[in-house]
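Thank you for making the time this morning.

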Amino acid sequence: MSYISKLEWLDALDSDYLKDTLDPAERATHDLICEEHCLLLEPDNPKVEQWHLHNQHIFEHNLFRISPEVRQLKYENPELYEAIQQAIDSHIMEHSRYIGESVDQSIYQNAKALLNSYS
Ligand SMILES: [Zn+2]
């Protein structure tokens with residue numbers, strides 16, 4: 001890739017070009033996640049709701065952990081850095097709990113459907 005085309009890509013990324021490839025649910029989720037990251041930086045724990053797109057949240061929260069913004073704190077303010085990592089940990093755990101529950105529910109429903117098909 002030439003230097004010029006790299007610059008064009010960087011420009012495109014900067015002007016939220018990729019955001020236009022998101023579908024409405026992904027875009028709304030992305031905006032929500034950005035708000036959550038502001039709270040996590042406090043550090044505060046934003047509320048996880050059942051209807052959130054948990055997989056997208058977990059993915060973006062893990063990216064946030066290693067973002068330059070957060071990594072910088074490791075040197076500038078190690079205590080805050082630790083507190084933020086812990087806040088992200090417990091926030092991600094809450095998202096995982098909802099995924100776990102919906103998996104359990106579908107296993108239960110499949111089992112029930114199977115039982116019904118035999119009776
Ligand atoms: Zn979240």
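By helix I mean here a DSSP run of H or I of at least four residues, and by strand a run of E of at least two, each numbered from the N terminus. This is a predicted model, and on that definition the protein chain has 5 helices and 0 strands, so that the order from the N terminus reads α-α-α-α-α.

Of the 119 residues in the protein chain, 7% are buried. Among the contacts with a separation of 6 or more, 73% are between residues 24 or more positions apart.

Let me turn to H2, which covers 24–40.

Which residues of H2 are buried? They are Ile33, Glu36 and Leu40, and because they cover an arc of only 60° around the axis, they lie on the same side of H2. An α-helix has 3.6 residues a turn, so residues three or four places apart point the same way. On the other side of H2, the exposed residues are Pro24, Ala28, Asp31, Cys34, Glu35 and Cys38.

Finally, I come to the loop between helix H2 and helix H3, the latter covering 54–65, where Pro43 is found. The peptide bond that joins Glu42 and Pro43 is cis, with an omega of about -5°.

Note on methods. Residues are numbered from 1 along each chain as its sequence is written. This is a predicted model: local features need pLDDT of at least 70, side-chain atom pairs count only at pLDDT 80 or more; totals for chains, interfaces and linings use all residues. A residue is buried if 20 or more other C-beta atoms lie within 10 Å of its own, exposed if 12 or fewer, and partly exposed in between; C-beta atoms are placed from the backbone. Two residues are in contact if their C-beta atoms, placed from the backbone, lie within 7 Å. The arc is that of the directions from the helix axis to the C-beta atoms.
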